[in-house]
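Trainee: Please take me through this model one feature at a time. I would like the general idea before each case.

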Amino acid sequence: MDAPVPGGEDHVIEIDDLVNTVGSGVILHRDLQLKVRRDEVMSLVGGSGSGKTQLLRVILGLKRPAAGVVRVFGVSWQDPNAKKVRDARRRMGMLFQNGALYSALTVYENIAFPLRERGGMREEEIRAIVNAKLAQVELEPRHGKLLPANLSGGMVKRVSLARALALSPDLLILDEPTAGLDPDRSEGFVRLIKGLREDHRFAVVMVTHDLDTLFELTDRVAVLADQHIIACDTLATVRGLNHKFVQNFFGGDRGRRALEHG
Amino acid sequence: MPNPDAALEIQTLAHEQVPIRVRASGGWTFGGLKERRLDLARKLAQLATQPVERVSWDLTAVTELDDAGAVWLAHALRGTQRVEVSPRHREILNQVSQGMLVPIERERFDPLAGVVWTGEAAAHAAVHLRDAVILLGQLALDVAGIIRRPREFPLREFSAGIFRAGVTALPVTMLVGFLVGIVLTYLSALQLKRYGADLLVINIVGVGVVRELGPMLASIISAGRSGSAITAQLGVMRVTEEVEALSVMGISVTTRLVLPRVLALALALPLVTFCTDIAALAGAMLVSHFTLGITPGAFLQALPQAVEVVNFWIGIEKSCAFGFAVAFVACHYGLRVLPNTDSLAVGVTRSVVAAITCVIILDAVFAIMLRNVG
């Protein structure tokens with residue numbers, strides 16, 4: 001959908017002065033600011049324990065922040081207008097690290113699930129979309145009959161991606177999209193996401209530790225450290241930042257190799 | 001600027017070779033179609049009556065196209081040769097068109113389906129039975145192994161099992177026992193009073209509770225409480241591959257997971273039964289006092305004469321067998337759970353039903369075997 005983001009802003013996610021706590025009030029993020037533009041791939045990087053997953057949970061509305069405002073498509077998850085919140089949620093797709101497919105449902109039913117839940121479509125229309133989604137993630141209609149337990153790790157990711165794309169989202173959130181895949185499959189999966197983005201033009205927010213994926217997909221990178229977003233810019237700019245985590249992350253052997261490869 | 005909703009313009013040029021020109025515009029998305037669904041459906045139904053060679057389509061004014069919109073357009077375009085579409089919408093339109101062409105596989109009528117179903121059900125039951133026999137045999141081997149190497153006995157799991165299935169089950173089983181004792185005595189008292197056989201209430205309730213109701217109540221509650229918990233726990237361990245991890249480490253799954261649970265429940269259930277008996281008799285004593293005027297002292301004095309001690313031991317031995325059966329069935333179903341949530345739910349339900357059925361069958365067997373005792 002090409003509808004402008006409510007509020008006239010050109011951002012799919014706006015986070016202002018976020019304070020995020022864990023456990024018994026331990027502050028994880030303080031006065032955090034972040035804005036994700038339409039049509040961009042924003043990667044979140046940070047050391048272990050920096051709270052990347054917690055930040056994703058706040059963005060997804062799975063966790064309420066201690067303070068601050070999080071707006072997705074201009075809508076706060078605390079908005080009392082349930083329809084507005086539901087509509088905003090349906091404009092997001094999420095690829096969970098382990099797929100999070102419904103184990104009792106077949107591949108076909110997993111992808112059809114959000115379409116059926118949204119309603120307003122005949123079964124024949126749903127079938128066409130599910131088959132199209134399977135084709136988009138390079139699977140065949142016969143795979144639709146399989147149960148998640150019968151899928152390889154790579155196929156689980158593809159099916160999960162197909163389900164995330166089922167409602168033609170404007171924002172796709174990827175949590176470690178290539179985790180658990182071998183290098184060849186990782187490369188194929190990144191190529192797939194890249195191709196789908198070119199066709200469908202959705203924004204992406206991605207958490208990854210895989211530098212190859214980062215260099216291949218990212219337009220801007222947000223670095224999470226010291227309870228803040230310490231930098232949010234293009235890879236070239238962020239790499240030049242004089243911060244211990246940034247220098248270790250991008251300047252180490254793996255970072256250099258990924259850079260040469262990229 | 002908000003995106004305009006989906007729209008269709010149909011133009012008829014009588015003298016042209018392709019006289020009907022259709023121009024789609026606006027946002028052909030799920031949201032865009034929502035408001036105009038009926039109007040568009042009517043126009044598309046009109047078009048469907050025209051031969052495809054008389055229609056040309058112009059989709060270049062479509063500002064946005066998602067899967068839902070593509071399905072509508074692909075359905076309307078079927079077979080049309082003259083279609084102008086912007087390059088960015090071509091791919092999604094092609095993919096959805098291809099998706100619509102995938103044939104639906106329908107199950108064919110099989111006249112022998114009933115026979116096949118019966119055969120499969122019988123084979124499934126045979127596999128169940130075989131697996132249960134294997135598990136029982138493996139347990140016997142484990143017990144033999146533990147006798148030879150007592151240090152390998154998983155004492156911690158065993159004591160945890162006794163605590164969970166025994167101590168924590170006491171409040172609910174004793175409460176149920178107490179209430180059943182009250183109800184049974186009250187109903188018996190109403191009848192016995194009419195014949196002046198008041199004191200017989202102690203015989204009826206005493207034997208009924210100690211020999212039958214106590215063990216049955218304790219084991220049925222135990223099947224619902226501890227049995228389901230055991231199945232769910234082992235089932236989740238199967239789903240998360242913890243059972244496989246034990247095997248890979250060379251640790252016997254039956255010794256570590258099944259044996260302590262089965263032994264714990266076989267030992268804990270007689271103790272729970274004993275407490276249930278006491279609670280039920282307390283309930284009986286209370287009602288006897290208020291409805292029949294039998295004082296607690298008289299009740300306790302008459303009880304040993306009315307109920308032979310052997311009945312008590314039969315009840316305790318039965319509950320030991322019931323405990324073994326409940327835990328064994330629960331473990332059997334828990335280890336058969338497949339890695340999906342549906343299988344877990346089905347496993348737990350079947351485990352409870354099978355355990356209660358087993359208890360009732362065993363009770364019937366005991367009743368026949370011990371009909372001349374007590």
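Trainee: Which residue of β2(A) stands opposite A:Glu14?

Mentor: In this predicted model, A:Glu14 stands opposite A:Lys35 in β2(A). Strands here are DSSP E runs of at least two residues, and helices are H or I runs of at least four, numbered from the N terminus. Two strands pair if DSSP finds at least two bridges between them. Strand β1 (residues 11–22) of chain A pairs with strand β2 (residues 26–37) of chain A over 8 bridges, in the antiparallel sense. The hairpin has 3 residues between these strands, and A:Gly23 takes a positive phi near 55° there.

Trainee: What is the bridge partner of A:Glu14 in β4(A)?

Mentor: That partner is A:Arg71. β1(A) and strand β4 (residues 67–72) of chain A run antiparallel and are joined by 5 bridges.

Trainee: How is the numbering set, and which cut-offs apply to the model?

Mentor: Residues are numbered from 1 along each chain as its sequence is written, with chains lettered from A and ligands numbered from 1 in the order in which they are written. Because this is a predicted model, local features need pLDDT of at least 70 and side-chain atom pairs count only at pLDDT 80 or more, while totals for chains, interfaces and linings use all residues.

Trainee: What pLDDT does chain A average?

Mentor: pLDDT is the predictor's confidence in each residue, from 0 to 100. Chain A averages 87, and 93% of its residues score at least 70. Over residues 1–9 of chain A the pLDDT is below 50. Where pLDDT is low, the predicted coordinates should not be read in detail.

Trainee: How are packed helices described?

Mentor: By the angle between their axes and the distance between the axes. Axes are lines fitted to C-alpha atoms, for helices over the stretch in contact, with angles from 0 to 180 degrees between N-to-C directions. In chain B, the axes of helix α6 (residues 170–195) and helix α9 (residues 253–292) come within 7 Å and cross at roughly 35°.

Trainee: Is B:Arg23 buried, exposed or partly exposed?

Mentor: A residue is buried with 20 or more other C-beta atoms within 10 Å of its own, exposed with 12 or fewer, and partly exposed in between; C-beta atoms are placed from the backbone. B:Arg23 counts as partly exposed because it has 17 C-beta neighbours inside 10 Å. B:Arg23 lies in strand β2 (residues 20–28) of chain B.

Notes:
Two residues are in contact if their C-beta atoms, placed from the backbone, lie within 7 Å.
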